[in-house]
Amino acid sequence: MLIISKYCIILIEGGFMVFKGVRKVTNLRTIEEAEKIIDKVFKGLGLKPEEAKIDSKDILGWAVKRGSAIVYIFLNENKYINTLRIVSPLLHIPKKNKISFLKKCLEYNYYFINCALALNDDLIFLVEERPLTGLDPEEVEYIINNLSRIADRLDTELAKTFDAKMYTLE
(Lines give C-alpha, C1' and ligand atoms only; values in the text may rest on other atoms or scores of the structure.)
Protein backbone atom coordinates (compact mmCIF):
# COMPACT_ATOMS: atom_id res chain seq x y z
CA MET A 1 0.00 0.00 0.00
CA LEU A 2 1.32 3.46 -0.86
CA ILE A 3 0.16 6.65 0.84
CA ILE A 4 1.31 9.98 -0.58
CA SER A 5 0.94 13.17 1.41
CA LYS A 6 2.27 16.70 1.08
CA TYR A 7 5.23 15.94 3.35
CA CYS A 8 6.21 12.32 2.78
CA ILE A 9 5.54 9.05 1.06
CA ILE A 10 4.59 6.12 3.29
CA LEU A 11 5.09 2.65 1.90
CA ILE A 12 3.58 -0.17 3.91
CA GLU A 13 5.31 -3.47 3.22
CA GLY A 14 4.85 -6.63 5.21
CA GLY A 15 3.36 -4.78 8.17
CA PHE A 16 6.15 -2.18 8.33
CA MET A 17 5.86 1.50 7.52
CA VAL A 18 8.75 3.01 5.61
CA PHE A 19 8.87 6.79 5.41
CA LYS A 20 10.37 8.12 2.22
CA GLY A 21 10.90 11.86 2.28
CA VAL A 22 9.97 13.88 -0.77
CA ARG A 23 12.53 16.62 -0.23
CA LYS A 24 15.97 16.30 -1.74
CA VAL A 25 18.37 14.73 0.72
CA THR A 26 21.90 16.08 0.72
CA ASN A 27 25.12 14.79 2.24
CA LEU A 28 24.33 11.13 1.59
CA ARG A 29 26.93 8.70 2.87
CA THR A 30 27.88 5.38 1.35
CA ILE A 31 28.92 2.42 3.46
CA GLU A 32 32.50 2.96 2.26
CA GLU A 33 32.47 6.63 3.32
CA ALA A 34 31.05 5.70 6.72
CA GLU A 35 33.74 3.04 7.15
CA LYS A 36 36.43 5.68 6.55
CA ILE A 37 34.78 7.93 9.15
CA ILE A 38 34.77 5.12 11.70
CA ASP A 39 38.44 4.34 10.98
CA LYS A 40 39.30 8.00 11.52
CA VAL A 41 37.35 8.16 14.80
CA PHE A 42 38.94 4.96 16.10
CA LYS A 43 42.43 6.28 15.35
CA GLY A 44 41.54 9.57 17.07
CA LEU A 45 40.47 7.60 20.15
CA GLY A 46 43.75 5.67 20.14
CA LEU A 47 42.12 2.47 18.89
CA LYS A 48 43.23 0.30 15.99
CA PRO A 49 40.24 -0.19 13.68
CA GLU A 50 41.80 -3.21 11.97
CA GLU A 51 42.12 -5.00 15.33
CA ALA A 52 38.56 -4.14 16.40
CA LYS A 53 37.01 -5.18 13.08
CA ILE A 54 34.66 -8.16 13.25
CA ASP A 55 35.95 -10.93 11.01
CA SER A 56 32.88 -11.84 8.99
CA LYS A 57 31.96 -11.74 5.33
CA ASP A 58 28.32 -10.99 6.23
CA ILE A 59 28.85 -8.19 8.77
CA LEU A 60 30.69 -4.90 8.57
CA GLY A 61 31.36 -4.07 12.17
CA TRP A 62 33.76 -3.51 15.03
CA ALA A 63 33.81 -4.55 18.68
CA VAL A 64 35.37 -2.49 21.46
CA LYS A 65 35.36 -2.75 25.23
CA ARG A 66 34.84 0.07 27.70
CA GLY A 67 35.13 -1.00 31.29
CA SER A 68 32.69 -3.85 31.73
CA ALA A 69 30.74 -3.05 28.55
CA ILE A 70 31.26 -4.53 25.09
CA VAL A 71 30.17 -2.23 22.28
CA TYR A 72 29.48 -3.35 18.72
CA ILE A 73 29.46 -0.84 15.87
CA PHE A 74 27.76 -1.94 12.65
CA LEU A 75 27.25 -0.41 9.24
CA ASN A 76 24.02 -1.78 7.78
CA GLU A 77 23.08 -1.63 4.15
CA ASN A 78 19.46 -2.27 3.27
CA LYS A 79 16.86 -1.60 0.63
CA TYR A 80 15.68 1.77 1.94
CA ILE A 81 18.41 3.36 4.01
CA ASN A 82 21.96 2.66 5.16
CA THR A 83 22.49 2.98 8.90
CA LEU A 84 25.04 3.14 11.66
CA ARG A 85 23.92 0.87 14.51
CA ILE A 86 25.73 0.73 17.84
CA VAL A 87 24.72 -1.99 20.26
CA SER A 88 25.92 -3.01 23.70
CA PRO A 89 24.54 -6.21 25.21
CA LEU A 90 24.27 -5.52 28.93
CA LEU A 91 22.53 -8.19 30.98
CA HIS A 92 20.37 -11.25 31.01
CA ILE A 93 16.92 -10.72 32.47
CA PRO A 94 17.11 -11.72 36.15
CA LYS A 95 15.28 -14.82 37.32
CA LYS A 96 13.60 -12.87 40.14
CA ASN A 97 11.95 -9.43 40.03
CA LYS A 98 11.56 -9.48 36.22
CA ILE A 99 8.74 -6.95 36.19
CA SER A 100 10.61 -4.51 38.45
CA PHE A 101 13.73 -4.95 36.34
CA LEU A 102 11.93 -4.29 33.04
CA LYS A 103 10.06 -1.34 34.58
CA LYS A 104 13.39 0.17 35.66
CA CYS A 105 14.74 -0.29 32.12
CA LEU A 106 11.74 1.56 30.68
CA GLU A 107 12.17 4.34 33.24
CA TYR A 108 15.79 4.77 32.14
CA ASN A 109 14.65 5.07 28.51
CA TYR A 110 12.76 8.23 29.42
CA TYR A 111 16.01 10.00 30.28
CA PHE A 112 18.39 8.71 27.62
CA ILE A 113 19.39 10.90 24.71
CA ASN A 114 20.03 9.18 21.36
CA CYS A 115 19.90 5.64 22.72
CA ALA A 116 17.47 3.21 24.29
CA LEU A 117 17.33 -0.05 26.17
CA ALA A 118 15.93 -2.92 24.15
CA LEU A 119 15.09 -6.56 24.75
CA ASN A 120 16.09 -9.44 22.47
CA ASP A 121 15.47 -12.96 23.77
CA ASP A 122 16.60 -12.77 27.39
CA LEU A 123 19.20 -10.04 26.87
CA ILE A 124 18.89 -6.31 27.51
CA PHE A 125 20.80 -4.16 25.03
CA LEU A 126 21.64 -0.48 24.85
CA VAL A 127 21.06 0.53 21.22
CA GLU A 128 21.43 3.52 18.94
CA GLU A 129 20.79 3.58 15.22
CA ARG A 130 20.79 6.45 12.75
CA PRO A 131 20.85 6.90 8.98
CA LEU A 132 24.24 7.47 7.39
CA THR A 133 22.94 10.68 5.82
CA GLY A 134 24.88 13.62 7.23
CA LEU A 135 27.14 11.41 9.33
CA ASP A 136 30.38 13.07 10.40
CA PRO A 137 33.34 12.04 12.59
CA GLU A 138 32.31 14.26 15.51
CA GLU A 139 28.90 12.63 15.74
CA VAL A 140 30.32 9.12 15.47
CA GLU A 141 32.76 9.89 18.28
CA TYR A 142 29.94 11.33 20.41
CA ILE A 143 27.71 8.30 19.79
CA ILE A 144 30.45 5.80 20.68
CA ASN A 145 31.48 7.72 23.80
CA ASN A 146 27.90 8.34 24.96
CA LEU A 147 26.65 4.81 24.46
CA SER A 148 29.75 3.10 25.86
CA ARG A 149 29.79 5.39 28.93
CA ILE A 150 26.15 4.67 29.71
CA ALA A 151 26.56 0.93 29.03
CA ASP A 152 29.62 0.69 31.29
CA ARG A 153 27.80 2.34 34.17
CA LEU A 154 24.37 0.80 33.66
CA ASP A 155 25.33 -2.87 33.33
CA THR A 156 27.10 -2.82 36.70
CA GLU A 157 24.34 -0.84 38.41
CA LEU A 158 21.47 -3.02 37.15
CA ALA A 159 23.42 -6.24 37.81
CA LYS A 160 23.94 -5.27 41.45
CA THR A 161 20.43 -3.93 42.02
CA PHE A 162 18.59 -6.87 40.45
CA ASP A 163 21.13 -9.68 40.78
CA ALA A 164 21.18 -9.96 36.98
CA LYS A 165 23.93 -11.79 35.13
CA MET A 166 26.07 -9.45 33.03
CA TYR A 167 26.68 -10.24 29.37
CA THR A 168 30.03 -11.84 28.59
CA LEU A 169 31.57 -13.21 25.41
CA GLU A 170 31.80 -16.70 26.89
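User: Is the crossing of H1 and H4 left-handed or right-handed?

Analyst: The crossing of H1 and H4 is right-handed; that word applies if the near helix is turned clockwise from the far one by less than a right angle, and left-handed if anticlockwise. The model is a predicted one, in which local features need pLDDT of at least 70 and side-chain atom pairs count only at pLDDT 80 or more, while totals for chains, interfaces and linings use all residues. Residues are numbered from 1 along each chain as its sequence is written, and side-chain values use heavy atoms, with hydrogens and water left out.

User: At what angle do H1 and H4 cross, and what does that make H1 relative to H4?

Analyst: Helix H1 (residues 31-44) and H4 cross at roughly 60°, and their axes come within 9 Å. Axes are lines fitted to C-alpha atoms, for helices over the stretch in contact, and angles run from 0 to 180 degrees between N-to-C directions. Under 35 degrees counts as roughly parallel, over 145 as roughly antiparallel, 65 to 115 as roughly perpendicular and the rest as oblique; H1 is therefore oblique to H4.

User: Which residues of H1 and H4 meet?

Analyst: Ile37, Ile38, Lys40, Val41 and Phe42 of H1 meet Pro137, Val140, Glu141 and Ile144 of H4, where contact means heavy atoms within 4.5 Å. By class, this contact has 7 nonpolar, no polar and 2 charged residues.

User: What does the angle between H3 and H4 make H3 relative to H4?

Analyst: Helix H3 (residues 98-111) packs with helix H4 (residues 137-162) at about 150°, the axes being 11 Å apart. H3 is therefore roughly antiparallel to H4. The crossing of H3 and H4 is right-handed. Ser100, Phe101, Lys104, Cys105 and Tyr108 in H3 meet Arg153, Leu154, Glu157, Leu158 and Phe162 in H4, a contact of 6 nonpolar, 1 polar and 3 charged residues.

User: Why is the pair of Phe101 and Phe162 given its name, and which parts does the pair tie together?

Analyst: Rings of Phe, Tyr and Trp (its six-membered ring) pair if their centres lie within 6.5 Å; planes under 30 degrees apart count as stacked, over 60 as edge-to-face and the rest as tilted. The count by this rule is 5 aromatic pairs. For Phe101 and Phe162 the centres are 5.4 Å apart and the planes stand at 80°, so the pair is edge-to-face. Phe101 belongs to helix H3 and Phe162 to helix H4, so the pair ties together parts 61 residues apart in sequence.

User: In what order do the strands of the open sheet stand, and what makes E4 and E7 edge strands?

Analyst: The open sheet has 5 strands in the order E4-E5-E6-E8-E7, with antiparallel pairing. Strand E4 (60-66) and strand E7 (116-120) each have a single partner strand, so one side of each lacks a neighbour in the sheet. From one strand to the next, the twist averages 30°. H3 packs on this sheet, touching strand E6 (83-92), E7 and E8, and its direction makes about 145° with that of E7.

User: How do you know that E7 and E8 pair, and over how many bridges?

Analyst: Pairing requires that DSSP find at least two bridges between two strands; E7 and strand E8 (residues 123-131) have 5, in the antiparallel sense. Asn120 stands opposite Leu123 in E8. Their hairpin has 2 residues between the strands, and Asp121 takes a positive phi near 55°.

How values were computed: Helices (H or I, at least four residues) and strands (E, at least two) are DSSP runs, numbered from the N terminus. Ala, Val, Leu, Ile, Met, Phe, Trp, Tyr, Cys and Pro count as nonpolar, Asp, Glu, Lys and Arg as charged, and the others, Gly among them, as polar.
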